[in-house]
Amino acid sequence: MGVKLNPTEFNTIAQVLKDKYRLYGPIRRKGLGAFSDTDLITYGEISCLEDMVWEEKTRFSPKEIIHPITQTLFYFTQDEVMEPKIDEKEMILFLRPCDANAVLKLDHILIHNGSCADSYYMQLREKVKFFVVECLTGFETCSCVSVGSHQFLNYDVFLRLAKEEIVCDVKSQEFTALFGRGEIVDYQPQFIHENSMKVRLPSIEALNKHQADLFHHPFWEDYDQRCIGCGRCNFSCPTCTCFTMKDIFYQDNPECGERRRVWASCMVDGYTEMAGGHAYRKSFGQRMRFKTMHKIFDYPKRFGTPMCVGCGRCDDVCPEYISFRTAVNKVSHLLGGESNEK
Ligand code: SF4
Ligand code: SF4
């Protein structure tokens with residue numbers, strides 16, 4: 001069973017929720033797109049239904065709300081270190097099933113990867129409630145079904161958003177009373193069954209068996225010419241977690257400052273550079289191989305699930321029209337499996 005609301009009723013609930021939560025959803029930032037006169041669709045704080053943009057895919061994912069692009073870890077003076085205050089409010093993320101699954105992929109890396117969780121991530125992650133929005137058509141470059149990220153059942157509230165009515169399945173007791181003011185209707189959350197684009201993930205066994213051949217395969221050299229190492233693919237990806245550290249010294253007192261972590265990318269220059277100028281992966285082809293194998297081999301081998309959620313953002317944003325999906329399908333093809341791409 002579900003609850004049917006009209007937009008005004010939904011917005012009244014949103015206003016009540018805002019007392020305890022910050023609400024985040026996909027929004028339009030006018031004129032901030034990659035080209036002049038284009039808008040950036042990204043995640044940001046919202047107040048009402050009308051603030052959200054669902055007809056276009058966001059360039060960046062909700063990842064940046066719980067794993068921010070730049071995050072102060074501590075402030076320092078000559079003799080003191082202080083951690084920043086944490087916003088007391090909890091958070092509600094309005095997101096599609098693929099992006100909700102991407103948060104679970106982040107959890108593997110930032111919480112369950114080793115003996116202790118990343119406390120900075122945990123502080124934000126613990127505050128999150130999932131308001132998952134039904135997505136039955138996807139976008140042209142999506143391949144969520146192929147990687148099993150088209151469904152998400154561990155939601156707090158599931159919503160079907162239509163222009164004149166919103167139908168909700170409320171799972172979390174915390175929200176039952178609030179949503180109880182709507183009309184009771186028959187409703188079961190639905191998920192997309194097929195994307196027009198498909199990705200064929202090679203099996204871990206095949207990758208294990210042929211990893212030495214794959215490592216040296218000349219196919220990766222194609223990317224030496226095509227990739228420019230801009231890192232857009234990583235920064236738009238909802239499951240990439242790499243970061244680097246920056247110490248910032250204040251101009252008016254250079255002995256005081258703050259340490260921040262900022263997103264990093266395995267595709268950009270300097271990522272593997274070490275003392276003495278040595279770098280593990282100098283060519284763009286080597287970096288593409290690393291990124292691809294990390295997503296389809298190392299991560300699933302360790303956590304039992306593919307790292308990619310098939311959102312297609314990496315393909316959407318690449319200025320060189322490099323398709324990660326095609327790279328994965330080529331690997332599959334090289335290993336003797338069927339490929340959906342030529
Ligand atoms: S690798 Fe590409 S398709 Fe997969 S989750 Fe990252 S951005 Fe989305
Ligand atoms: S977005 Fe494209 S060009 Fe830029 S680093 Fe990624 S694959 Fe290379």
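1. Which residue is the bridge partner of V3 in β10? I184 is the one to click on: V3 and I184 are bridge partners. Bear in mind throughout that we're looking at a predicted model.

2. That bridge belongs to a pairing between strand β1, residues 2–5, and strand β10, residues 183–185. The two strands run antiparallel, with three bridges between them.

3. β1 has another partner as well: strand β9, residues 166–170, also pairs with β1 in the antiparallel sense, again over three bridges. Here the residue to look at is K4, which stands opposite V167 in β9.

4. Now to a lysine worth a look. K63 sits in helix α2, which covers residues 63–66. Is K63 buried or exposed? Its relative accessibility is 4%, and the cut-off for buried is under 20%, so K63 counts as buried.

5. What does K63 touch, leaving aside residues up to four places away in sequence? The list is L106, N234, F235, C237, P238, C240 and W263. The backbone oxygen of C237 is 2.7 Å from a polar atom of the K63 side chain. The K63 side chain also reaches the backbone oxygen of C240, likewise at 2.7 Å.

6. Zooming out, the chain has 11 helices and 12 strands. Its C-alpha trace spans about 65 × 60 × 45 Å along the principal axes. The radius of gyration is 22 Å, which agrees with the value near 20 Å for a compact globule, because that is what 342 residues would give.

7. How much of the chain is buried? Buried residues account for 51% of the 342. The chain exposes about 17500 Å², and carbon and sulfur atoms supply 51% of that area.

8. Last point, on contacts across the sequence. Take the contacts in the chain with a separation of 6 or more: 72% of them are between residues 24 or more positions apart.

Technical notes:
Residues numbered from 1 in each chain as written. Chains lettered and ligands numbered in written order. Predicted model: local features only at pLDDT ≥ 70, side-chain atom pairs only at ≥ 80, totals over all residues. Heavy atoms only, no water. Pairing = 2+ DSSP bridges. Helix = DSSP H or I, 4+ residues; strand = E, 2+ residues; numbered from the N terminus. Buried < 20%, exposed > 50% of the residue type's maximum accessible area, 1.4 Å probe, protein only. Contact = heavy atoms within 4.5 Å. Polar contact = N/O pair within 3.5 Å; in protein donor to acceptor, adjacent residues only side chain to side chain. Rg over C-alpha atoms; globule rule 2.2 N^0.38 Å. Areas by Shrake-Rupley, 256 points an atom, 1.4 Å probe, with all protein chains shown as cover.
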